[in-house]
Amino acid sequence: MQTIGFIGVGKMATAIISGLDKNKFEIIISGHNLPKTKKQAEELDVKAAENHEELVQQSDFIVLSVKPQVLPSVLSQLINHLSKDKTLISIAAGLTLSDLKHLADSENQPIIRVMPNINAQIGQSTSAIVKNEFVDDSAYEIAQRIFNAVGSVHEIAEKDFSTFAAIAGSSPAFIYMFIDAMARAGVLHGLPKDQATAIVSETVKASAEMLLQSGENPWSLVDKVSSPGGTTVAGVVSLEQNHFGGTVIDAISATIEREKHLK
Ligand SMILES: NC(=O)c1ccc[n+]([C@@H]2O[C@H](COP(=O)([O-])OP(=O)(O)OC[C@H]3O[C@@H](n4cnc5c(N)ncnc54)[C@H](OP(=O)(O)O)[C@@H]3O)[C@@H](O)[C@H]2O)c1
């Protein structure tokens, strides 16, 4: 059985560990406060390592799930314990494969970069994955299985990670804004806010499901809902006149642009 070690046991690691089948993977965790790590290990039904070095020695895959600003100091402690038969997986936002290779101080370390999203907390992350040339097919397949346990995994080129981070990482905030605005309109026209929010949330969820299940283009579904001279097309035209599409595209571009300035 493969052993997966998680360094840093916060929101994201906890979500992933909760989704993993403990009969298929041995799991070991390491935080920065041993009594807390032992308590978390008990709650998650996994093993606790005394320290990061012990975790690396016992693991086939090391998932670096600390904050990006903490990762360099954590990885620097591990350099002497890494080897080519261990695969590093980083979920840290903004750190590239090249940054990670540099931090691992190794020319041929197998490294995988994954970008999950907040929906991992309900087992429905949309994650992006990319590997360097030292990861073999079997390790890559296992890494994909780890993240499939909490949702879907998309293989994308590393140059597209910032775009992915905007349309899958930040977009839940934009979708919540859309839901809230529509629910507020419901309130304006007389519905209680809680009920309006539930109605809109269910409709957004089912509309997304319809898109995924039908494989249709979104615009063809818009056309199907819009009867000639009807109510829906009046709303569609109003959204168009108020630059709905352009406003959303600008928000995604602003998100991508902001990430460039954070580097
Ligand atoms: N949350 C998301 O939606 C999301 C999405 C995509 C990617 N990510 C990435 O996932 C990573 C983790 O994010 P998160 O949201 O899970 O953050 P988090 O909840 O703050 O978890 C980070 C964990 O690392 C622990 N930690 C701090 N210093 C450490 C050290 N030296 N050694 C070991 N553990 C240490 C923290 O412990 P204490 O709390 O005790 O300090 C905390 O439990 C980040 O790199 C982030 O970019 C997160």
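I looked up the UniProt features and began with "domain: Pyrroline-5-carboxylate reductase dimerisation" (unreviewed entry), which the record lists at residues 158–261. This is a predicted model: local features need pLDDT of at least 70, side-chain atom pairs count only at pLDDT 80 or more, and totals for chains, interfaces and linings use all residues. Residues are numbered from 1 along each chain as its sequence is written, and side-chain values use heavy atoms, with hydrogens and water left out.

I checked residues 158–261 and found 84% helix and 0% strand. The end C-alpha atoms of that span are 18 Å apart. UniProt also places "domain: Pyrroline-5-carboxylate reductase catalytic N-terminal" (unreviewed entry) at residues 3–94. For residues 3–94 I read 38% helix and 23% strand, with 26 Å between the end C-alpha atoms. Helices (at least four residues) and strands (at least two) are DSSP runs, numbered from the N terminus. I note that UniProt annotations may be inferred rather than shown by experiment.

UniProt gives a "binding site" (unreviewed entry) at Ile7, Gly8, Val9, Gly10, Lys11 and Met12. I find these residues in the lining of the second largest pocket. A pocket here is an open set of points on a 1 Å grid over the protein atoms alone, where a 1.4 Å probe fits, with protein on both sides within 12 Å along at least five of seven lines; lining residues have an atom within 4 Å of a point. I located valine 9 in the loop between strand E1 (2–7) and helix H1 (11–19).

Where does the ligand sit? I place the ligand in the second largest pocket, as more than half of its atoms lie within 2 Å of the grid points. I count 21 residues around it, the closest being Lys11, Met12, Lys36, His52 and Val66; the cut-off is a heavy atom within 4 Å. By class, that shell has twelve nonpolar, six polar and three charged residues.

I then listed polar contacts (N or O pairs within 3.5 Å). A polar side-chain atom of histidine 52 is 3.0 Å from a ligand nitrogen. Histidine 32 puts a polar side-chain atom 3.0 Å from a ligand oxygen. A polar backbone atom of valine 9 lies 3.4 Å from a ligand oxygen. The protein covers 77% of the 890 Å² of accessible area that the ligand has on its own (Shrake-Rupley, 1.4 Å probe).

Technical notes. Polar contact = N/O pair within 3.5 Å; in protein donor to acceptor, adjacent residues only side chain to side chain. Nonpolar A, V, L, I, M, F, W, Y, C, P; charged D, E, K, R; others polar.
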